Amino acid sequence: MKISINVDEAVKDIEITISCNRLTPEIEKMLATLRILDRQLMAMKGEETYLLDVSKVIYLESVDRKTFVYTGENVYESSLKLYELEQQLDECGFFRASKSCLVQLKYIKSLKADINRRIRVTLENGEQIIVSRQYAEELKKKLGVK
């Protein structure tokens, strides 16, 4: 792989060009990472690829080695692993709720104490997610709740 960077003060907008003989999973991951920087997330639904606005993503979940992206209307599948998305979405208001789930904080409607120091979170769309003990205190801190 060869990387070239052209710094020119006359350039008004950043442009990234990728030249390749075929689209590989590695290139798709690079594109997904770049889109998240632009606040977009690439995800699949059926045979179609969608560019989702990160602000519309309510939560992400990993099930059976697949990562699912939940918006208010649909469920999509991402080619990225949950930990990769966590690193990229941290500054977008996402929080790790458990080993298999990331939640966007702005979509949390209510919290309820659950057994074993876990927290039951109700989201704006009515779904409930359990925040494991390991992440419960951090959630309270982020939300300013005691």
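This is a predicted model: local features need pLDDT of at least 70, side-chain atom pairs count only at pLDDT 80 or more; totals for chains, interfaces and linings use all residues.
**Exercise 1.** Find where D64 and N116 lie, and decide whether each is buried or exposed.

*Solution.* Start with D64: look in the loop between strand 3 (57-63) and strand 4 (66-71). Its relative accessibility is 71%. Exposed means over 50%, so D64 counts as exposed. Now turn to N116, which sits in the loop between strand 8 (108-113) and strand 9 (119-123). N116 has a relative accessible area of 53%, so this residue is exposed too. Finally, check the backbone: phi of D64 is near 50°, a positive value in a residue that is not glycine. N116, also not a glycine, has a positive phi of about 55°.

**Exercise 2.** Describe the largest nonpolar core and the surroundings of Y59.

*Solution.* First, the size: this core has 18 residues. Next, pick out the residues with the most contacts inside it, namely Y59, V103, L123, V131 and L139. Elements that give it two or more residues include strand 3, strand 9 and helix 3 (133-143). Then zoom in on Y59: beyond its neighbours within four places in sequence, its contacts include F68, L102, V103, L123 and I129. A second, separate core has 17 residues, among them A43, L52, V54 and Y76.

**Exercise 3.** Locate the nonpolar surface patch and classify I18.

*Solution.* The patch covers about 1,100 Å², and its members include M1, I3, I18, M30 and L34. I18 lies in the segment before helix 1 (25-37). With 35% relative accessibility, I18 falls between the cut-offs of 20% and 50%, so I18 counts as partly exposed.

Methods:
Residues are numbered from 1 along each chain as its sequence is written. Side-chain values use heavy atoms; hydrogens and water are left out. Helices (H or I, at least four residues) and strands (E, at least two) are DSSP runs, numbered from the N terminus. Buried means under 20% relative accessible area, exposed over 50%, partly exposed in between (1.4 Å probe, protein chains only). Patches are made of residues with over 30% relative accessible area and no salt bridge: like charges are joined within 9 Å, nonpolar side chains (Val, Leu, Ile, Met, Phe, Trp, Tyr) within 5 Å. Accessible areas come from the Shrake-Rupley method with a 1.4 Å probe; for residues, only the protein chains shown count as cover. A salt bridge is a side-chain nitrogen of Lys or Arg within 4 Å of a carboxyl oxygen of Asp or Glu. A nonpolar core is a set of buried Ala, Val, Leu, Ile, Met, Phe, Trp, Tyr and Cys residues joined through side-chain atoms within 4.5 Å. Contact means heavy atoms within 4.5 Å.
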